[in-house]
Amino acid sequence: MPTPQKPRTFTFISRSAPYGNNRPRLCLGAALATAVFEQKVNYLFMDDGVFQLLANQNADGIASKTLGNALETLELYGIDQVMVLKESLASRHISSEDLLFPVQLLSNSDLQSLIESSDYVINL
Amino acid sequence: MSTLHTLNKAPSAQLLASCIKTLCKGDGLIFIEDGVYHVLEAALLESIPAKVAVYALREDISARGLTDKCDESVELVGYRHFVELCVEHEKIVSWF
């Protein structure tokens with residue numbers, strides 16, 4: 001029997017707004033697949049990616065699926081390290097109360113340590 | 001000759017500054033797609049000349065959860081009104 005490999009730490013950074021392109025969905029899909037393989041997954045929203053987390057989204061009118069519903073699958077797949085860069089929220093005039101669910105707020109120095117402590121960083 | 005300007009990228013693309021330089025009295029400016037995130041930018045919106053009517057597409061606003069966060073200076077319009085605006089103005093300039 002092969003010896004099981006030690007889980008690696010993957011950090012996914014989602015930086016696009018929810019409906020303008022399909023990067024947010026690709027990033028989410030890759031993170032969920034990684035979690036299935038029992039790796040340690042961090043999920044970070046920064047830049048325009050923080051718009052994905054705004055509450056009360058309803059994409060019926062633009063013939064798309066509402067992304068907020070899909071983001072709730074992060075928890076179902078055991079991804080509990082869901083983070084937002086504080087600076088990206090502030091510069092877009094969004095408060096943490098405007099978000100879909102509670103997330104960890106990261107300072108810029110927290111971000112540096114997050115990247116430093118990750119084995120792989122996927123930036124989408 | 002009045003012009004309707006459409007803008008479809010988020011403020012991070014910094015298109016509005018270029019667009020504003022081209023706006024004339026009587027023009028219209030409509031935010032569509034990711035452009036609707038401009039409704040959060042009160043200070044930026046103030047730099048738009050007062051004689052320009054500013055709109056945002058309602059369907060894109062509600063998709064993105066912005067219905068209650070819209071700046072008062074922006075009028076929400078549906079697809080039908082968007083078509084009317086396209087017809088009322090002599091030409092359309094797209095910012096993308």
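Mentor: Two residues are in contact if their C-beta atoms, placed from the backbone, lie within 7 Å. Keep that in mind as we go through this predicted model. In chain B, residues 24 or more positions apart account for 65% of the contacts with a separation of 6 or more.

Trainee: What makes chain B as compact as a globular protein of its length?

Mentor: The globule rule gives 12 Å for 96 residues, and the radius of gyration of chain B is 12 Å, close to that value, so chain B is as compact as a globular protein of that length. Along the principal axes, its C-alpha trace spans about 35 × 30 × 25 Å. Buried residues make up 34% of the 96 residues.

Trainee: Which order do the elements of chain B follow from the N terminus on?

Mentor: They run β-α-β-α-β-α-β-α-β, with 4 helices and 5 strands in the chain.

Trainee: Why is B:E33 called buried?

Mentor: A residue is buried if 20 or more other C-beta atoms lie within 10 Å of its own. B:E33 has 20 C-beta neighbours inside 10 Å, so it counts as buried. You will find B:E33 in the loop between β2 (28-31) and α2 (42-46) of chain B.

Trainee: And why is A:E38 called exposed?

Mentor: There the cut-off is 12 or fewer. A:E38 has 11 C-beta neighbours inside 10 Å, so it counts as exposed. A:E38 is in the loop between α1 and β2 of chain A.

Trainee: What is there to say about phi in these two residues, A:E38 and B:E33?

Mentor: Most residues other than glycine have a negative phi. A:E38 has a positive phi of about 55° without being a glycine, and phi of B:E33, also not a glycine, is positive, near 45°.

Trainee: How do you know which strands are the edges of the chain A sheet?

Mentor: The open sheet has 5 strands in the order β4-β3-β2-β1-β5, with parallel pairing. β4 (104-106) and β5 (120-123) each pair on one side only, and they are the edge strands. On average, neighbouring strands are turned by 25° against each other, direction ignored.

Trainee: What makes β3 and β4 of chain A a pair?

Mentor: Pairing takes at least two bridges. Strand β3 (residues 81-85) and β4(A) have 3 bridges in the parallel sense, so by that cut-off they pair. A:M83 stands opposite A:Q104 in β4(A).

Trainee: How many residues of each chain are in contact with the other?

Mentor: 18 residues of chain A are in contact with 13 of chain B. By class, the chain A side has 8 nonpolar, 7 polar and 3 charged residues.

How values were computed. Residues are numbered from 1 along each chain as its sequence is written. Chains are lettered from A and ligands numbered from 1 in the order in which they are written. This is a predicted model: local features need pLDDT of at least 70, side-chain atom pairs count only at pLDDT 80 or more; totals for chains, interfaces and linings use all residues. Helices (H or I, at least four residues) and strands (E, at least two) are DSSP runs, numbered from the N terminus. Axes are lines fitted to C-alpha atoms, for helices over the stretch in contact, and angles run from 0 to 180 degrees between N-to-C directions. Ala, Val, Leu, Ile, Met, Phe, Trp, Tyr, Cys and Pro count as nonpolar, Asp, Glu, Lys and Arg as charged, and the others, Gly among them, as polar. The radius of gyration is taken over C-alpha atoms; the globule rule is 2.2 Å times the number of residues to the power 0.38.
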